[in-house]
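Welcome to this short tour. Keep your viewer open and get ready to select residues as we go.

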Amino acid sequence: MAEQSKHQPRNVTQKLIASHLADGRMKAGEEIGLTIDQTLTQDATGTLVMLELEAMGLDHARTEVSAQYVDHNLLQTDHRNPDDHLFLRSACEKFGLWFSPPGSGVSHPVHMERFGKPGKTLLGSDSHTCAAGSLGMLAIGAGGLAVAMAICGQPFYLNMPKVMGVKLTGKLPDWVSAKDVVLEMLRRHDVKGGAGRIIEYYGPGLKHLSAMDRHVIANMGQEMGHTTTVFPADDAVRDFLKQQQRADDFDRLEADQGATYDEHDEIDLGKLEPLIALPSSPGKVVPVREVAGEPIYQAYIGSSANPGLRDFAVPAMVVKGHQVHERVSFDINPTSRQILENLAKLGHLSDLLSAGARLHQTGCNGCIGMGQAPATDQISLRTVPRNFAGRSGTEEDKVCLCSPETATASALTGEITDPRDLDIDYPTFDDSRSFYVEDRNIRPPAQHPELTVVEKGPNISTLPQFDGLPDELTAPVLLKVGDDISTDEILPAGSRILPFRSNIPAISEFTYTRVDASYPERAKKYQEHGSMIVGGENYGQGSSREHAALAPRYLGVRVVVAKSYSRIHWQNLCNFGILPLRFTRPEDYDDIEQGDELALDALAETLAQGGQLAAKNTRSGQRYELTHDLSDRQIRMILKGGLLNLMRESLAA
């Protein structure tokens with residue numbers, strides 16, 4: 001995007017970036033640094049963040065607000081998860097962070113309820129941090145180390161994105177809701193269509209979407225691989241903050257008249273119909289009517305992608321006086337304690353339970369593979385953001401993504417059902433009235449953090465230290481993978497693996513095991529010497545989980561060569577000293593076989609001088625021209641062995 005003078009009309013994104021620009025120019029593709037007002041961490045990633053803060057010697061958080069949530073690893077089947085909960089609580093007291101304990105809810109809606117503020121920047125160690133864009137914030141997901149740097153008061157660096165303006169017109173028809181809006185965007189743009197872009201919504205259709213409707217759309221923008229989603233802070237945001245008893249936090253933030261966008265799209269809300277994403281990609285979207293009639297095993301309501309009160313109240317009103325099909329597990333996952341208490345006070349919880357629903361604790365739960373796994377070869381309809389293969393905890397699962405209306409209708413009939421076919425009047429839920437606000441469990445920063453001792457259980461290990469990139473590297477390609485490899489395939493989540501999140505040697509044993517069970521043992525043979533991975537398009541899509549970079553680096557990966565990368569994982573590779581290269585000629589990917597050995601010469605010198613890189617295949621003698629998108633700052637970081645090494649050196653100086 002061309003630089004904007006202060007006299008030119010600006011869209012909301014440009015206003016947010018301009019007001020937080022610490023380094024660089026607002027020109028698309030150039031690296032910029034942003035000051036960060038708020039941070040968000042959750043327990044699956046926050047344990048490493050706290051260890052990184054400890055390694056950097058932080059005394060107290062430098063941000064306006066930093067909050068740590070426990071929402072992912074809630075199952076307490078042994079000591080590891082509860083030990084980490086205690087570790088996080090004590091670390092928050094030590095470093096001056098807010099602490100949201102187990103049971104308080106999913107990080108994104110709770111942060112929106114308690115801390116989200118128009119005009120602010122939010123950096124989170126969770127890819128769905130972008131959900132806070134619903135409040136007129138610039139909210140970006142990143143790796144934990146980048147978030148740790150922000151907590152220390154350092155800028156967050158990224159390449160200046162283009163801004164795609166999406167004009168919304170019309171009003172959603174009955175039985176169609178916000179989930180269908182973002183599924184329509186995925187139907188049009190697929191999982192790579194948002195790369196290098198911020199998506200900003202505007203237009204007359206906005207007045208029919210509440211702040212929590214916008215949360216649904218902003219949350220799943222991540223599944224398009226975008227940088228973030230931005231909405232204006234208008235009357236809907238004002239009403240939400242007033243409802244949350246935070247009216248004083250409202251600041252109107254809207255695009256100037258005449259503001260323009262780099263790219264354009266338009267959705268007539270009135271023409272949308274119920275949509276569904278089929279296994280196993282959020283981009284595999286079709287109308288529900290095209291797959292209606294398929295029997296289902298599970299219908300799952302909740303997650304950060306559908307966290308609002310209406311997302312539970314409407315299903316409750318639909319099933320009131322009815323029974324879910326005997327074949328269906330109807331799983332209700334309240335997203336915050338506030339939502340759960342309001343469902344109880346309004347009578348919706350008893351209606352759900354009377355209809356046969358199963359109530360689960362407030363948290364991420366089955367969305368991250370923590371329980372609620374579907375049966376073998378059975379369809380599960382879920383309102384969650386992702387349906388990557390195996391993410392549910394069941395191998396070769398059949399998870400479909402849909403709206404609460406579609407999931408509920410299908411729970412009643414026992415098969416995939418277009419909710420418009422129900423012989424039930426569409427219930428209208430008025431969420432504008434005042435309701436019970438709950439925040440008593442979220443603990444503020446400690447008054448005397450210097451007195452706090454960080455509690456570490458036996459499963460918590462110190463972070464490994466890595467050496468810098470060698471000038472010459474001849475190493476085997478231990479793995480060759482295809483397009484759209486996700487971080488769930490690189491380093492899986494789930495109840496068996498995530499409890500090792502604070503123990504890198506232990507969690508590395510699961511690296512790439514969903515693709516090749518032999519990979520960890522093969523990689524260990526080259527742990528000191530170094531190895532490589534070759535990938536296709538959109539390498540590393542999905543979660544911000546930096547374990548997906550840290551574990552391969554621990555196993556010796558020094559270089560990844562791919563056709564293209566997902567933004568967050570690409571940054572994480574750089575942060576931990578793995579060199580992410582791209583094929584200049586994508587067809588060279590086809591020439592490389594797993595087990596080939598690639599030789600790269602004068603790496604450090606060529607990177608430092610900005611020259612052209614090349615790799616020689618010792619089997620075929622073929623040479624491949626390689627390129628990269630690294631800034632000078634990132635090159636220095638990789639040569640030093642990662643961002644933590646660079647920060648240690650800076651602090652020592």
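Start by selecting aspartate 629, which counts as partly exposed because its relative accessibility is 38% (buried means under 20% relative accessible area, exposed over 50%, partly exposed in between, with a 1.4 Å probe and protein chains only). Before moving on, note that this is a predicted model, where local features need pLDDT of at least 70, side-chain atom pairs count only at pLDDT 80 or more, and totals for chains, interfaces and linings use all residues. Residues are numbered from 1 along each chain as its sequence is written, and side-chain values use heavy atoms, leaving out hydrogens and water.

Aspartate 629 forms a salt bridge with arginine 582, with the closest N and O atoms 2.8 Å apart (a salt bridge is a side-chain nitrogen of Lys or Arg within 4 Å of a carboxyl oxygen of Asp or Glu). Aspartate 629 sits in the loop between β26 (623-627) and α19 (632-640) and arginine 582 in strand β23, so the pair ties together parts that are 47 residues apart in sequence (helices, H or I, of at least four residues and strands, E, of at least two are DSSP runs, numbered from the N terminus).

Next, select arginine 386 and glutamate 223. Are they buried or exposed? Both are buried, and they form a salt bridge whose closest N and O atoms are 2.9 Å apart.

Finally, select glutamate 546, in the loop between β21 (531-535) and α16 (547-554). Among its contacts beyond four places in sequence are Leu48, Asn572 and Phe576 (contact means heavy atoms within 4.5 Å).
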